[in-house]
Amino acid sequence: MATHPVHFDLSPPPLHTARLVCSLASGKTLFLAPGFAEAQPGGGCLLHGRPPQAALLRVRDLTVQLATDTGAAIPVVEAVSFDIAAGEAVGILGESGCGKTTTALALLRLLPPGGKIVRGSIEFAGRELVTSGERELEKIRGAEISLIFQEPGIALHPMRRVGDQVGEVIHAHRGWNWKRCREEAATALAQVFSGEISRISEAYPHQLSGGQRQRVLIAQALACRPALVIADEPTASLDATTQAEILALIKDLKLRLGVALLLISHNPAILAGLADRILVMYSGRVVEEGPLERVYRAPLHPYTKGLLASMPRGASESPAAGKGKLPAISGSPPDPARLPPGCPFEPRCPDRLAICTTRGPAEVQPEAARRVWCFKYGG
Ligand SMILES: Nc1ncnc2c1ncn2[C@@H]1O[C@H](COP(=O)(O)OP(=O)(O)OP(=O)(O)O)[C@@H](O)[C@H]1O
Ligand code: SF4
Ligand SMILES: [Mg+2]
């Protein structure tokens, strides 16, 4: 069997303790997330086109119901399956209401009251989260999987200094003394600010700009050195310039720290240049999945084609350029409580076939590493 020469590079140690370097790879580095501090048996090499066999996150058939005001159950996420490898960035793209946030909240078992996972499996670093107890989940949330919220103004406590708020997350998970937690918080803030760490650490949220508050939230999310960060519309509340800065920061952190990312956006331009792979969601279902570059260059599903047609030219090079008003796909997504029979996209689909109203399409793999749910390709 061919061997793969590796060595461990322990310097500089930003947040992760060990990095795996492929010596065939002239300067490129593979990062190991916490829990993966040794080469995995059968582990692959991303640099040489062989993905690791063990996914960090393995989601299968995830099906979620939420409750209406009257208590009726509505299907919001249906049979969603995907993997995220250590260090990989996966994007979820879809219009408002397609189930992106519900999927993310389900991963952390943080569904709103009345919400429940009715079927499926969420395996994280070998542990099944669907059946985990609350104490186990509390250890994972914020420490091994963290969430960056959309609105930094709401996510931060207005009456507490931001350095303390980062330190509190570390204290809750590590139980170190307060001095050590504050030092670690300063280290986390230094990952996302180029200077003035003491001033920022002592500031209250209202003394910082929206972009600075979002940086604090990113520092907080990284403070316990998670293996996976979920960022749900992380730049939605920011102006175009600040949005571009935060996206550049997330990209830089991904490369420097090797943390896996689940990035959620309704805007294809936000995910361009950030995500390695993309899941396109419609009406609670994944309708297309594949490497971002290939999906963006040659989308298969009519819905993906419509979304990408609304992306301004050049937006993939300049994410902030996608901030303007985008031409919409005609019609609107169906109410999850009243889904049409057959393919949920059928009422809006320019390519509909006779079979499309009879049943939902099954998964088709038209080429390696790509999946699509559409009768045009079989199903
Ligand atoms: N707390 C809730 N109770 C009942 N229904 C909800 C609740 N939250 C969301 N929904 C419904 O679930 C569906 C999916 O919502 P979700 O927030 O996951 O979509 P999204 O893709 O994140 O949308 P957006 O881009 O607007 O954030 C929508 O139809 C929404 O109306
Ligand atoms: S299955 Fe039919 S209706 Fe649905 S996206 Fe494909 S062609 Fe359109
Ligand atoms: Mg959302």
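Colleague: Which residues of H7 meet H8?
Modeller: In this predicted model, Gly210, Gly211, Gln214, Arg215 and Ile218 are the H7 residues in that contact. On the H8 side they meet Thr242, Glu245, Ile246 and Leu249.

Colleague: How do those residues divide by class?
Modeller: The contact of H7 with H8 has four polar, three nonpolar and two charged residues.

Colleague: And at what angle do the two axes cross?
Modeller: The axes of H7, residues 210-222, and H8, residues 240-257, cross at roughly 20° and come within 10 Å. Angles under 35 degrees count as roughly parallel, and H7 and H8 are therefore roughly parallel to each other.

Colleague: Is that crossing left-handed or right-handed?
Modeller: H7 passes H8 in a right-handed crossing.

Colleague: Let us turn to H4 and H5. At what angle do they pack?
Modeller: H4 spans residues 162-174 and H5 spans residues 178-192; they pack at about 115°, with their axes 8 Å apart. The crossing of H4 and H5 is right-handed.

Colleague: Which residues meet there?
Modeller: From H4 there are Gly163, Val166, Gly167, Ile170 and His171. Their counterparts in H5 are Trp178, Cys181, Arg182, Glu184, Ala185, Ala186, Ala188 and Leu189. By class, this contact of H4 with H5 has eight nonpolar, three polar and two charged residues.

Colleague: Now the sheet. What is the strand order?
Modeller: The order is E9-E10-E11-E6-E12-E13-E14, in an open sheet of seven strands with mixed pairing.

Colleague: Which strands are at the edges?
Modeller: The edge strands are E9 (145-148) and E14 (371-372), and each pairs on one side only.

Colleague: In what sense do E9 and E10 pair, and over how many bridges?
Modeller: E9 pairs with E10, residues 228-232, in the parallel sense over four bridges. As one instance, serine 146 has valine 229 in E10 as its bridge partner.

Colleague: Which strands does H11 lie across?
Modeller: H11, residues 302-309, lies across E6 (89-93), E12 (277-282) and E13 (285-291). Relative to E12, the helix H11 runs at about 105°.

Colleague: One last topic: ligand 2. How many residues surround it, and which are the closest?
Modeller: There are 14 residues around ligand 2, the closest being Cys343, Glu346, Cys349, Cys356 and Cys374.

Colleague: What classes make up that shell?
Modeller: The shell around ligand 2 divides into nine nonpolar, four charged and one polar.

Technical notes. Residues are numbered from 1 along each chain as its sequence is written. Chains are lettered from A and ligands numbered from 1 in the order in which they are written. This is a predicted model: local features need pLDDT of at least 70, side-chain atom pairs count only at pLDDT 80 or more; totals for chains, interfaces and linings use all residues. Two strands pair if DSSP finds at least two bridges between them. Helices (H or I, at least four residues) and strands (E, at least two) are DSSP runs, numbered from the N terminus. Two residues are in contact if their C-beta atoms, placed from the backbone, lie within 7 Å. Axes are lines fitted to C-alpha atoms, for helices over the stretch in contact, and angles run from 0 to 180 degrees between N-to-C directions. A crossing is left-handed if the near helix is turned anticlockwise from the far one by less than a right angle, and right-handed if clockwise. Ala, Val, Leu, Ile, Met, Phe, Trp, Tyr, Cys and Pro count as nonpolar, Asp, Glu, Lys and Arg as charged, and the others, Gly among them, as polar. A residue is near a molecule or strand if its C-beta atom, placed from the backbone, lies within 6 Å of it. Angles under 35 degrees count as roughly parallel, over 145 as roughly antiparallel, 65 to 115 as roughly perpendicular and the rest as oblique.
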